[in-house]
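Please examine the turns of the model first, and then its pocket and its overall dimensions. The report below follows that order.

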Amino acid sequence: MTDRFDCYYCRDNLHGKKYVKKDDKHVCTKCFDKLCANTCAECRRPIGADSKELHHKNRYWHEDCFRCAKCYKPLASEPFAARDDGKIMCGKCSSREDGNRCQGCYKVVLPGAKNVEYKNKMWHEECFTCFECKQPIRTQSFLTKGDDIYCAPCHDKKFAKKCFCCKQPITSGGISYQDQPWHSECFVCHTCRKALAGARFTSHEDKVYCVDCYKTDVAKKCHGCKNPITGFGHGTNVVNYEGYSWHEYCFNCKKCSLSLANKRFVINGDHIYCPDCAKKL
């Protein structure tokens, strides 16, 4: 005689029939579906004995119901995220909902995507662009003006001072002469191209010259001593008369050597005389 093997609830004989073991009790499929089955968190229907069941943190789903709440992608064999509001989402949709948004396109910056972070803000790498040329900055250096971001060349072009000589931006250093900015390498003698920063120089008709070139190429020659009138040192004061120039200290009477600066004088040939000496000639 064979021992009876009955359903715990309806006492039907289970020999040769399909059954489910629930909490150490043998239950026929009919009673299981009616009395023991878990309720699907998605469709709210019982998860029958013939259905594949998935569970996560005391919640249960039919396999076909375990989908992303946003894109409805099946998640039975995929990574997923359980949100605080109870929704189950695939990794991509979860990142879109909770991730940082790009300051350029306002779309979510997905985990692992190339991005740029600056002052607690985030951009897709391709969205972090220069305000002026619109090109991605990527690994280049950049500068800001207000809330706008510029690559270094555009910032220099738009905001940097322009050299008085070459008209190109001065990005660092530089010197100022007559209220005009210059690159140090542009502030050179007009004739010999010698650098003039820190050296003695003078200007003539908007050009700058070292002392030697000014003496040789530009300065007028004293009609008295025939040396250049440079305007430096002892030769600062000049006397001009009828196209001729003299150092003040050279403007003396040819005969008695009296200084004639700011005094009456007489010219005889290439020489100057005081009135008294001129009378004796």
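## The hairpin of β9 and β10

In this predicted model, β9 and β10 form a hairpin with 2 residues between them, and Gly 146 in the turn has a positive phi of about 65 degrees. Strand β9 covers residues 142-145 and runs antiparallel to β10, to which 4 bridges join it; two strands count as paired if DSSP finds at least two bridges between them. Within this pairing, Thr 144 has Ile 149 of β10 as its bridge partner. Strands here are DSSP runs of E with at least two residues, helices are runs of H or I with at least four residues, and both are numbered from the N terminus.

Residues are numbered from 1 along each chain as its sequence is written, and side-chain values use heavy atoms, with hydrogens and water left out. Because the model is predicted, local features need pLDDT of at least 70 and side-chain atom pairs count only at pLDDT 80 or more, whereas totals for chains, interfaces and linings use all residues.

## Two further hairpins

β7 and β8 form a hairpin with 2 residues between them, and in its turn Lys 119 has a positive phi of about 50 degrees. These strands run antiparallel and are joined by 4 bridges, with Lys 121 in β8 as the bridge partner of Tyr 118. Asn 120 lies in the loop between β7 (115-118) and β8 and has a phi near 60 degrees, a positive value in a residue other than glycine. Asn 120 is also exposed, with a relative accessible area of 84%; by the cut-offs used, exposed means over 50% relative accessible area, buried means under 20%, and partly exposed lies in between (1.4 Å probe, protein chains only).

Strand β3 (residues 53-56) and strand β4 (residues 59-62) run antiparallel and are joined by 4 bridges, and in β4 the bridge partner of Leu 54 is Trp 61. They form a hairpin with 2 residues between them. Lys 57, in the loop between β3 and β4, has a positive phi near 50 degrees although it is a residue other than glycine, and Lys 57 is exposed at a relative accessible area of 67%. Most residues other than glycine have a negative phi.

## The largest pocket

The largest pocket has a volume of about 390 Å³. On a 1 Å grid over the protein atoms alone, a pocket is an open set of points where a 1.4 Å probe fits, with protein on both sides within 12 Å along at least five of seven lines, and lining residues have an atom within 4 Å of a point. The volume is the space filled by probe spheres set on the points, which are joined across faces, edges and corners.

Of the 17 lining residues, Lys 121, Trp 123, Asp 147, Asp 148 and Ile 149 lie nearest the centre of the pocket. The elements that give two or more residues to this lining are β8 (121-124) and β10 (148-151).

## The chain as a whole

The chain has 5 helices and 18 strands. Its radius of gyration is 49 Å, well over the 19 Å that the globule rule gives for 281 residues, so the chain is more spread out than a compact globule; this radius is taken over C-alpha atoms, and the rule is 2.2 Å times the number of residues to the power 0.38. Along the principal axes, the C-alpha atoms fill a box of roughly 170 × 25 × 25 Å.
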